[in-house]
Amino acid sequence: MERLAYSQALRDPMAMERANLLNMAKLSIKGLIESALSFGRTLDSDYPPLQQFFVVMEHCLKHGLKVKKSFLGFNKSLWGPLELVEKLCPEAVEISASVRDLPGLKTPLGRARAWLRLALMQKRLADYLRLLITRKDLLSDFYEHSALMLEEEGAVIVGLLVGLNVIDANLCVKGEDLDSQVGVIDFSMYLKNDIDDYRSEERNSQIASILDQKNYVEELNRQLNSTVGGLQGRVDSLEKSNSKLIEELAIAKNNIIKLQEENQQLRSENSLILQKTQEHLEVTQVDASVERDTYKQSRQGLDEMYNDAQRQLKEECQHRQDVENELVVQMSMKQEMELAMKLLEKDIHEKQDTLIGLRHQLDEVKVINVEMYQKMQSSDEEMKKKNDVISRLEEKTNQITATMKQLEQRLQEAERHRTSAEEGTRRFKLDFANKADSLQRQIEHRERQLQQLETDLKIEREWRQTLQSDLERERDTVAQLSTEALQINGLKKEFHRLHDENVQLKTTCEDQEQALEELGSKLSESKMKIEDIKEANKALQGGQVWLKDKDASHCKLCEKEFSISRRKHHCRNCGEIFCNSCSDNELPLPASPKPVRVCDTCHALLLQRCSSNPT
């Protein structure tokens, strides 16, 4: 098979060139990584292996380029396919823009060389060339069909370029003359002994393990970045919902201010009504006293008028009781409205406190819970005070009922006096029947008094009409108060709804806190793994064998299986993997002056060495 491939390669010169370039790329990348690791510093543009690597990459990219005609003649340009990376990857826009802005570059070849150096410093050379290889439809405009970039050898070279991400390079592109450089490959750098080959194989294995660990850490970092972006989106949505709640609270405050103004107006109207009713009651009392005096003086012919006046007094008393009952109902309604308004104000203040606390929930949730508990205690104390006020009002109502009973007793006594006066008039008629002339004169005088009483009765009827109109107005105010009470019930429902939304926001905040704690634990684990990788690198530089995490499922000493609670730990001396109980020792090693983790066996051996070599 090898002979057939060799014979085919001899027949096809392009395949032979591709194979030679692939081998040269392998040698240059391998030699660059080995020399950079042994060099131990950032690489400059004068470093010979790095210069040879750029020469080899230039030959690989020039292989199979189509010749383009121009006014000056035929031209092969590397800058054309490299410009496509700017369209395929937006991150490469900065490199291409900085290459175009360099003042010393005049030819497309110099720009291509500068682009390669900047991509290597950015550690994205392999990614950019991988994007180019995947778009063979675009590369076919610049390369021939048998070119290296369109065949399998190009994919192999791109895979080898991933190993260059370990190298740190600091190249000064402005000071170099990239247009006039001559790319000649120096083969003397790649002629080495067998011992160097053996060491290079060991270093390749170590570098492969380091690259695997680095790729794993990069994937973890990408996943963590995606989760952090999701959490930021949730936090933005919560801030929007908080702003909406603040607007709704402002609307509720405006409604409460309007209700307070209407309540003050109702209070003023009720005070005016009370004043008017008191004046009417005083007038009626004065009229009743005058009528009683006249009825005592009139002893004959006024029984019917007296009965009519008594009926009118009863009706007025009934009207008075009705008015007083309505006033009591209105006062109770006012008290209930005031209590409801106070409760709404307290609830709104509590909502404002909770909204302010939502902005700082990620750091001050416990403090807000303590404040809410204190507010609950204060609200309980206020409820106790209100209950005391209600008990006092009940005592006042009892006193008012007692005074009403006393007034009824006084009325009964007045009726008894009236009956006694009637009996006296009857006796007076029997005793003074002969004095008719004097009685007739008295009757005329009494008729005049009757006329006056009729005028007084007309005035009283007019007062009754005014009282009825006032009562109708009071009924209208009661209807308005009932509508306002319905509005207050609607506000209470809105308050309950806002309270439920507040509870939901608290639950979402708690979920976010849990997610943040999980992210913190993952980040701490990733930091620990990065520290393990750094220590592994130090151990590799000292020539130790660092065992991979995948290769160990049990502890080497106690042979217990690893799990979430029993984590894996590397011994910094031997490189094996142990559990925490078997590797909880720390000693300074030659590779690291600080004390690091060591297993029990290595701890004992190192202590023996220290005891045998006290110096």
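Buried here means under 20% relative accessible area, exposed means over 50%, and partly exposed covers the range in between, with a 1.4 Å probe and protein chains only. This is a predicted model, in which local features need pLDDT of at least 70 and side-chain atom pairs count only at pLDDT 80 or more, while totals for chains, interfaces and linings use all residues. Residues are numbered from 1 along each chain as its sequence is written, and side-chain values use heavy atoms, with hydrogens and water left out.

**Whole chain**

Start with a cartoon of the chain, which has 14 helices and 6 strands. Helices (H or I, at least four residues) and strands (E, at least two) are DSSP runs, numbered from the N terminus. Of the 615 residues, 31% are buried. Contact means heavy atoms within 4.5 Å. Among contacts between residues at least 6 apart in sequence, 71% join residues at least 24 apart.

**H2 and H9**

Select helix H2 (residues 13–39) and helix H9 (residues 152–161), whose axes come within 10 Å and cross at roughly 5°. Axes are lines fitted to C-alpha atoms, for helices over the stretch in contact, and angles run from 0 to 180 degrees between N-to-C directions. H2 and H9 are therefore roughly parallel to each other. Angles under 35 degrees count as roughly parallel, over 145 as roughly antiparallel, 65 to 115 as roughly perpendicular, and the rest as oblique. Show side chains for Arg18, Leu22, Ala25, Lys26 and Ile29 of H2, and for Glu153, Val156, Ile157, Leu160 and Leu161 of H9; these residues make the contact. By class, the contact of H2 with H9 has 7 nonpolar, no polar and 3 charged residues. Here Ala, Val, Leu, Ile, Met, Phe, Trp, Tyr, Cys and Pro count as nonpolar, Asp, Glu, Lys and Arg as charged, and the others, Gly among them, as polar.

**H5 and H6**

Go next to helix H5 (residues 93–101) and helix H6 (residues 108–122), where the axes come within 10 Å and cross at roughly 140°. That angle makes H5 oblique to H6. On the H5 side the contact is made by Ile95, Ser98 and Val99, and on the H6 side by Arg111, Ala114, Trp115, Leu118, Ala119 and Gln122. The contact of H5 with H6 has 6 nonpolar, 2 polar and 1 charged residues.

**Two positive phi angles**

Most residues other than glycine have a negative phi. Select Lys123, in the loop between H6 and helix H7 (125–134): its phi is positive, about 60°, although Lys123 is not a glycine. Lys123 counts as partly exposed, at 29% relative accessibility. Then select Glu559, in the loop between H13 and S3. Glu559 also has a positive phi of about 60°, and at 61% relative accessibility Glu559 counts as exposed.

**Along H13**

Which residues does Gln512 contact, leaving aside its neighbours within four places in sequence? Find Gln512 in helix H13 (residues 436–541); the partners are Arg234, Val235 and Leu238. Gln512 is buried, with a relative accessible area of 7%. Thr508, also in H13, is partly exposed at 32%. From C-alpha to C-alpha, Thr508 and Arg234 are 9.3 Å apart in space and 274 residues apart in sequence.

**Arg572**

Finish at Arg572, in the loop between strand S3 (569–570) and strand S4 (577–578). Arg572 counts as buried, at 10% relative accessibility. A polar atom of the Arg572 side chain lies 2.5 Å from the backbone oxygen of His570.

Note on methods: Polar contact = N/O pair within 3.5 Å; in protein donor to acceptor, adjacent residues only side chain to side chain.
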